[in-house]
Amino acid sequence: MDNLLSIRTPIYFLLSIISFSCVNNNPSEQVNMLLEIKTLESPTGPATSLPHLVTGKDNKLYLSWVETNGDTAVFKYATRQEMGWSPAKEISRGTNWFVNWADYPMVAVNEKGDMIAHFLTKSSDGYFSYDVNIVRKLVLEGWSTPLVPHDDGTPTEHGFVTMLPLSDGAFQLGWLDGRNTSSEGHEHKGTMTFRTAVLNIDGTLSDEVELDNRTCDCCQT
């Protein structure tokens with residue numbers, strides 16, 4: 001499942017599903033839409049996995065994915081343009097990432113076109129021991145250094161992040177937080193929690209709070 005979107009898997013298959021799930025019930029228009037989408041070439045490279053499509057608040061379509069090269073994971077994205085996909089652009093890379101088909105990186109975009117993205121990095125040798133990393137990119141600027149939204153410092157599971165653009169340009173973050181659990185093996189000795197915080201337009205964090213002190217430990221938020 002980690003090779004869902006390889007260089008040999010046309011991107012139009014994924015987008016075709018989206019096109020036929022639209023409200024439009026006109027068969028001829030659906031066919032024309034499908035034919036147009038099928039002409040798009042995938043912007044991804046070899047050894048690619050974890051594709052994610054999202055429409056930003058700037059009304060552009062963004063595709064993100066992870067490419068692996070040996071022990072290195074490379075997080076990339078492209079935008080849908082009038083004539084097809086833009087060239088792939090790199091967000092971040094690392095050799096200590098937790099790369100998993102269920103808990104995957106993604107991007108979010110506000111109305112101005114500012115972007116944030118998240119990925120997971122290992123915090124210890126334990127399998128379920130990793131931290132959320134958030135990077136930020138303002139329009140016409142490069143990606144920031146990673147920011148960890150949780151400050152507990154425990155070698156436990158943190159992930160399944162949701163990132164929602166707010167009206168003032170900030171982003172609401174939500175994630176599963178395992179600070180009250182043990183990450184040894186597959187057994188947890190405490191409960192998973194759901195926490196949230198705001199990533200402000202100046203790159204600072206505020207308003208971190210626990211919303212649920214007992215929640216699922218392996219599901220999207």
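This is a predicted model: local features need pLDDT of at least 70, side-chain atom pairs count only at pLDDT 80 or more; totals for chains, interfaces and linings use all residues.
Colleague: How do I read a sheet, and in what order do the four strands of the open sheet stand?

Modeller: Strands of a sheet pair through backbone hydrogen bonds, either parallel or antiparallel. Strands here are DSSP runs of E with at least two residues, numbered from the N terminus, and two of them pair if DSSP finds at least two bridges between them. In this structure four strands form an open sheet in the order β9-β10-β11-β12, with antiparallel pairing. The edges are held by β9 (158-165) and β12 (205-215), each of which has a single partner strand, so one side of each is left without a neighbour in the sheet. On average, neighbouring strands of this sheet are turned by 20° against each other, direction ignored, where the axes are lines fitted to C-alpha atoms and angles in general run from 0 to 180 degrees between N-to-C directions.

Colleague: Which strands pair with β7, and is β7 mostly covered or mostly open?

Modeller: Strand β7 (residues 115-122) is mostly covered, with seven of its eight residues buried, where buried means under 20% relative accessible area, exposed over 50% and partly exposed in between, with a 1.4 Å probe and protein chains only. Four bridges join β6 to β7 in the antiparallel sense, and A108 has I116 in β7 as its bridge partner. The hairpin of β6 and β7 has five residues between the strands, and there G113 takes a positive phi near 95°. β7 also pairs with β8, again antiparallel, over eight bridges, with V135 in β8 as the bridge partner of A117.

Colleague: How are aromatic pairs judged, and how many are there?

Modeller: Rings of Phe, Tyr and Trp (its six-membered ring) pair if their centres lie within 6.5 Å, and planes under 30 degrees apart count as stacked, over 60 as edge-to-face and the rest as tilted. By this rule there are six aromatic pairs. In one of them, the rings of F98 and Y130 have centres 4.0 Å apart and planes at 10°, so the pair is stacked. Because F98 lies in the loop between β5 (89-94) and β6 (106-109) and Y130 in strand β8 (residues 130-137), the pair ties together parts that are 32 residues apart in sequence. F98 counts as buried at 9% relative accessibility, and Y130 counts as buried at 1%.

Colleague: Which residues do ring pairs link into a cluster with F98?

Modeller: Ring pairs link F98, Y127, F128 and Y130 into a cluster. The rings of Y127 and F128 have their centres 4.9 Å apart and their planes at 90°, so this pair is edge-to-face. Y127 is partly exposed, with a relative accessible area of 49%, whereas F128 is buried at 16%.

Conventions: Residues are numbered from 1 along each chain as its sequence is written. Side-chain values use heavy atoms; hydrogens and water are left out.
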